[in-house]
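Please find below a colleague's note on the model under review. It is meant to be read with the coordinates open.

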Amino acid sequence: MNKTKRSRFGIAAVFLVALVLFGVFYSGDYVLHVGVLVMINVVLASSLRLINLSGQLSLAHGGFVTLGAYASAVLLTKVGMSSTWLALLISAVLAAVIAVVIGIPFTRLKGIYFTITGIFFVQVIVLTVQQWRSITGGNGGLQGVPRPDSILGIEFASKTSFFMLAIVLMVVSLVILWAIERSRIGMTFLGIKQADSLAESIGINTTVYKVAAFAIGGFFAGLMGGFYVQYVSAVDPTVFGFLPTIYMLIYVIVGGEDSFLGPMVGAALLTILPEVARPLQSWMPLLFAAILMVIIFLLPEGLVGLPHRLVGLLKKRTKEQPDATS
Amino acid sequence: MLRVKGLTKNFGGLKAVGSVDLSIEPGQLVGLIGPNGAGKTTFFNLLTGYLRPSSGKVTFEGKNVTGKKPHYIAGRGMVRSFQQNAIFADFTALENLILAGHIHSGLNCWQAILKTKTCRRREREIYEKAEETLELVGIGDLANAQAGSLAHGHKRMLGIGLALMCEPKLLLLDEPLAGMNIAEVDDTLVLVRRLWEDGLTILLIEHNMRAAMSVCERFLVLNFGRTIAEGTPEEIRSNPEVVKAYLGTAADAA
């Protein structure tokens, strides 16, 4: 038990070091750019999964990312806030606060009804930023968002510097999400998912936990929204609209909802795929849907279940072979 | 300990529970019996916050808990079990009880996330208590079995274990014997008796009159949501209203 824990930690550390070294020695802008997008999506998918842990299938995630992105953009270009880091923090906190505000009524609904409110929320946010032209720039969005202020002598201009910043944000986010999940709080989320009225009967305030899960997820979604806008220095209303929200959910399911690693794997592969398959760009939603179907039918535990399956198959093969020859 | 005054619940025009009074003193083992549909479970749901009463008042240890949320009432020490197999099916038996043990852990979220020293110590204590409780309800050897895969009788005992982990002052058991075989019924009755002798106050819903008669010292009999009798087993047995409710009469059929 402790051994697997340590070896898992070891693998994560090796992976992290490899990632940092890659950032240091590789200087192809395009690949580093995709790397940043991968890391943003990893955090989005992992934070979405945390909400799912409490038994709530959320489709509100894109709304929180949009909120976070516009919060940073408006603060830095319209309000004239001087610190980009403060703006980034506000992006995350604002998304979490809004998650609490809408979570209190929304989390009273169960199952598909809760999910529907998420779609509604994303549409409201998208329509709001489209219509509120004086502040949000309408359909054109906002441009010229400043890059993050230099910190500890590091200037954020090159792709490499953003790649490193993305690593830091991703690692911090994942460590926090992991700590929450393996604590009593994560266990309580799972309990609520299995039987929420039973959870109430043993003294768990299920409303508080459901709203908390929603708000924690919202926090990281807002954080990534703020980071995204400071990275690409522009935002428009639909970058994180309905379809991207669905994609986030697909990352989670394709990677494997039941494991912490799942959404990370799903987000990484499905962010890289459209880049590799550029000619198929306009077919992407269809391709994603096809992948989702294949996974649901053939590999319901997600891609992280694949090694286990293959080992199982191999064992079967090696067992059968002696029989065949004898 | 528990005072119920004029507790009423209307579902549309139907009076599921009609002005029921009940008072339980510390250390009592009270049976709540009545035919199917008498309103026993509805009464439980009203007491524990799962349903909001139409009128009436529930006072627990001097505090008005009428219409409060279930988790609040459980936190005050009035803990219930369920009639259906209410367990966390994906957890192991032990994990079920550990989750229930956190109600009085006194840990805040930072301690839990950061796994502070206090947190690790409390979690250790809860773990040990969960093991003890599993032994107590007779499924100590199934600690690491997935709860959903347990046999029916074991699930029921696990359900009682969940309630016990909440350190109840008043334990409400909703038909704990339902669906059990004869040996399991005996074990459960022995357990209920033992908990009571150890000082726990218990309110027991039971459909099985004979079994209930063998453990409870006082009864409340409901029929069509109304109290039709209250008293000792002897008084209940000889009460013509109770006999009529259970056996029915020709007049009822008409």
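Predicted model: local features only at pLDDT ≥ 70, side-chain atom pairs only at ≥ 80, totals over all residues.

1. Residues are numbered from 1 along each chain as its sequence is written, and chains are lettered from A and ligands numbered from 1 in the order in which they are written.

2. The model scores ipTM 0.89 and pTM 0.90.

3. Chain B holds an open sheet of six strands in the order β6-β7-β8-β3-β9-β10, with mixed pairing; strands are DSSP runs of E of at least two residues, helices are runs of H or I of at least four, both numbered from the N terminus, and two strands pair if DSSP finds at least two bridges between them. At the edges stand β6 (78-80) and β10 (226-231) of chain B, each with a single partner strand, so one side of each is left without a neighbour in the sheet. Neighbouring strands are turned by 15° against each other on average, direction ignored, where axes are lines fitted to C-alpha atoms, for helices over the stretch in contact, and angles run from 0 to 180 degrees between N-to-C directions.

4. Strand β3 (residues 29-33) of chain B runs parallel to β8 (residues 201-205) of chain B, with four bridges joining them, and B:V30 stands opposite B:L203. Helix α1 (residues 40-47) of chain B packs on the sheet, touching β3, β6, β7, β8 and β9, and its direction makes about 145° with that of β7(B); contact requires that C-beta atoms, placed from the backbone, lie within 7 Å.

5. Four bridges also join β3(B) to β9(B) in parallel, with B:L32 opposite B:L220. By contrast, β9(B) and β10(B) pair in the antiparallel sense over five bridges, and B:L222 faces B:T227. Their hairpin has two residues between the strands, and B:F224 takes a positive phi near 50° in it.

6. Chain A has 14 helices and two strands.

Key
Contact = placed C-beta atoms within 7 Å.
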